[in-house]
Amino acid sequence: MNAPAPIQRVLVGYGSESGNARALAHRLGAFPALQAHAPQVLPFNEIDVARLGAGDVLLALSSSFGDGEPPANGEHFAEALRLAPALPGLRYAVFGLGDTGYPRFCGFTKALDSLLGERQAHPIMNRVDADACYETFFERWAPVLGSVLNGEPEAGRDLHLQVTAYGEDNAFNAPVIERRRLSGSCPAAWHVTLDLRGSGIVYRAGDTLHVLAPNDPALLDALAAWYGDPQAAELLRHKELRLLNKTVLRELARLGGSDGLKGLLKVSQRQALESYLHGSDLLDVLQDHATPESVPLARLAELLSPCLPRAYSIASAFGDTVSLCIREVAYVHRGRERRGTATGWLLASNLGVRIYCRSNPGFHLPTEPDAPLLLIGTGTGIAPLMGLVHELQASGSRREVHLLFGEKHRAHDFLYQEELEQWHDEGRLTTLRTAFSRDGASKFYVQHALAEHADPIRQLLARGAHLYLCGNKQHLEGAIQQAVNALYPEGAVDASTWSALQAQQRLHCELY
């Protein structure tokens with residue numbers, strides 16, 4: 001094999017819709033290890049495909065538009081490349097930015113890699129398929145690329161940076177490797193860790209993990225008994241039996257001829273319907289409002305949606321494992337024992353848990369490296385806040401972090417107490433404040449703790465702090481909004497009121 005021609009030109013080409021790929025391209029163009037080659041940074045459409053040849057290196061960084069199409073500033077380039085003859089002297093590397101929520105994840109950059117290969121161009125690096133983790137991937141990729149361009153062609157051979165696009169139809173089966181009870185009270189909170197080795201899943205603090213759990217065998221057996229047909233368990237095994245939408249309920253009311261259920265479905269009866277459905281499942285509704293004859297099994301199977309994924313905030317940062325903080329759901333209702341669909345499986349399964357991950361950039365760490373953080377979490381809402389501190393710890397950041405945690409009793413409900421107190425002792429948490437609502441003569445919540453420490457909180461927000469809030473939406477959002485606004489005189493226009501924090505993108509809420 002002939003030695004490649006000396007490098008004459010390095011072109012950093014990009015295709016970008018939102019600006020992320022463009023920004024990466026310009027960063028790469030200024031990367032010190034590439035300066036000896038005087039790289040030119042251009043949008044794809046300004047690259048003359050007809051002039052590409054021996055001595056050229058094309059470094060292609062691009063997002064995909066929609067479901068795998070080229071961005072607007074790459075359409076002409078892509079078409080010219082499709083019509084181009086062989087390009088045997090061209091060397092290239094492709095860095096793709098995508099969204100695993102799309103079926104054709106990184107579709108354009110995968111197609112671009114194939115097109116260049118078909119035209120006999122030579123890849124000098126393995127293609128990168130990055131999701132929201134692209135910053136981490138770029139920081140690993142760029143130095144190795146510099147080594148390859150500067151005379152070490154083998155340097156990038158073992159660097160594989162490719163996110164696998166998992167979803168409901170192809171979830172990863174992750175073994176459970178740790179279950180640790182965090183609270184002494186019931187229902188208990190648990191720390192659960194899953195093994196991601198071999199999955200290719202890459203996530204960061206603030207992202208969400210979606211769990212696809214099978215239905216409770218006891219519920220399937222009870223449905224089979226109600227129908228008097230053993231096949232019911234198999235027909236309904238992968239159907240949603242707990243979260244029943246109004247379309248399903250309306251059809252059950254119509255088929256069953258139930259005026260009671262029809263009445264509950266009126267707009268004016270929203271709260272009554274919510275109260276009726278709380279803790280109930282499909283079998284309860286069928287027993288109350290239908291008969292096996294009025295709702296045939298085959299029709300029911302057609303009507304129900306597939307099992308819905310349950311989403312959980314991730315309590316870790318990144319790596320070969322992923323951790324969750326979950327609340328156990330176990331109760332008796334109408335004489336039957338019930339367990340949460342996903343939590344029951346997470347706490348009992350020895351067969352692995354089917355999962356996939358989705359990026360949640362609105363809850364990622366702020367880009368300003370010195371902005372302080374005010375983290376407020378109640379109950380299992382501590383989960384993503386733990387992930388954020390883990391990410392800061394792993395990066396070596398000494399960012400100022402103030403954490404406020406709320407629960408019922410210090411003695412029984414101080415989730416992650418040992419870790420949090422150790423982080424505070426080590427200085428990783430600048431302050432650690434708590435609000436245990438049932439420990440005093442009167443109830444004391446996180447909003448009361450904010451008021452109690454009004455002066456330092458006000459100063460913190462005035463210095464540009466980002467506020468992260470996670471917990472129960474019904475009880476937390478309005479209370480914290482009022483507490484933040486109450487830090488300032490009524491009618492005052494301040495850069496740190498709730499609406500101002502929202503406008504400045506300094507407010508990050510994960511409420512459920």
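# A walk through the model

Let's begin at a loop: Q505 sits in the one between α19 (498-503) and β20 (507-511). This is a predicted model, and in it the phi angle of Q505 is near 55°, a positive value in a residue other than glycine. Is Q505 buried or exposed? Exposed, because its relative accessibility is 62% and the cut-off for exposed is over 50%.

You can find another residue of this kind at A38, where phi is near 45°, again positive although the residue isn't glycine. Look for A38 in the loop between α1 and β2 (40-43). With 55% relative accessibility, A38 counts as exposed.

One more loop deserves a stop. Between β8 (176-181) and β9 (189-195) you'll come across P187. The peptide bond leading from C186 into P187 is cis, and its omega is near 0°.

Now step back and take in the whole protein. Along the principal axes, the C-alpha atoms fill a box of roughly 80 × 65 × 45 Å. There are 512 residues, and 51% of them count as buried. How much of the contact pattern joins residues at least 24 apart? If you take contacts between residues at least 6 apart in sequence, 76% join residues at least 24 apart.

Next, let's go inside. In soluble globular proteins, nonpolar side chains tend to be buried together. Here the largest nonpolar core has 33 residues, and the members that touch the most others are L28, L59, F95 and W141. Which elements give two or more residues to this core? They are the helices α1 (20-29) and α4 (134-149), along with the strands β1 (9-15), β3 (56-63), β4 (91-97) and β6 (128-130).

Finally, look at how some helices pack. Start with α2 (residues 75-83) and α3 (residues 107-118): their axes are 10 Å apart and the angle between the two helices is about 30°. Angles under 35 degrees count as roughly parallel, so α2 is roughly parallel to α3. The handedness of the α2 and α3 crossing is left-handed. On the α2 side, F77, A78, L81 and R82 make the contact, and in α3 they meet F108, L112, L115 and L116. Sorted by class, the contact of α2 with α3 has 7 nonpolar residues, no polar ones and 1 charged.

The other pair is α7 (residues 246-256) with α10 (residues 282-289). Their axes come within 10 Å and cross at roughly 30°, which makes α7 roughly parallel to α10. This time, α7 passes α10 in a right-handed crossing. Which residues meet here, in α7 and in α10? From α7 come L249, L252 and G256, and from α10 come L282, V285, L286 and H289. The contact of α7 with α10 has 5 nonpolar and 2 polar residues, and no charged ones.

Technical notes:
Residues numbered from 1 in each chain as written. Predicted model: local features only at pLDDT ≥ 70, side-chain atom pairs only at ≥ 80, totals over all residues. Heavy atoms only, no water. Core = buried A, V, L, I, M, F, W, Y, C linked by side-chain atoms within 4.5 Å. Buried < 20%, exposed > 50% of the residue type's maximum accessible area, 1.4 Å probe, protein only. Helix = DSSP H or I, 4+ residues; strand = E, 2+ residues; numbered from the N terminus. Axes fitted to C-alpha atoms, helices over the stretch in contact; angles between N-to-C directions. Parallel < 35°, antiparallel > 145°, perpendicular 65-115°, else oblique. Left-handed = near helix turned anticlockwise from the far one by under 90°. Contact = heavy atoms within 4.5 Å. Nonpolar A, V, L, I, M, F, W, Y, C, P; charged D, E, K, R; others polar.
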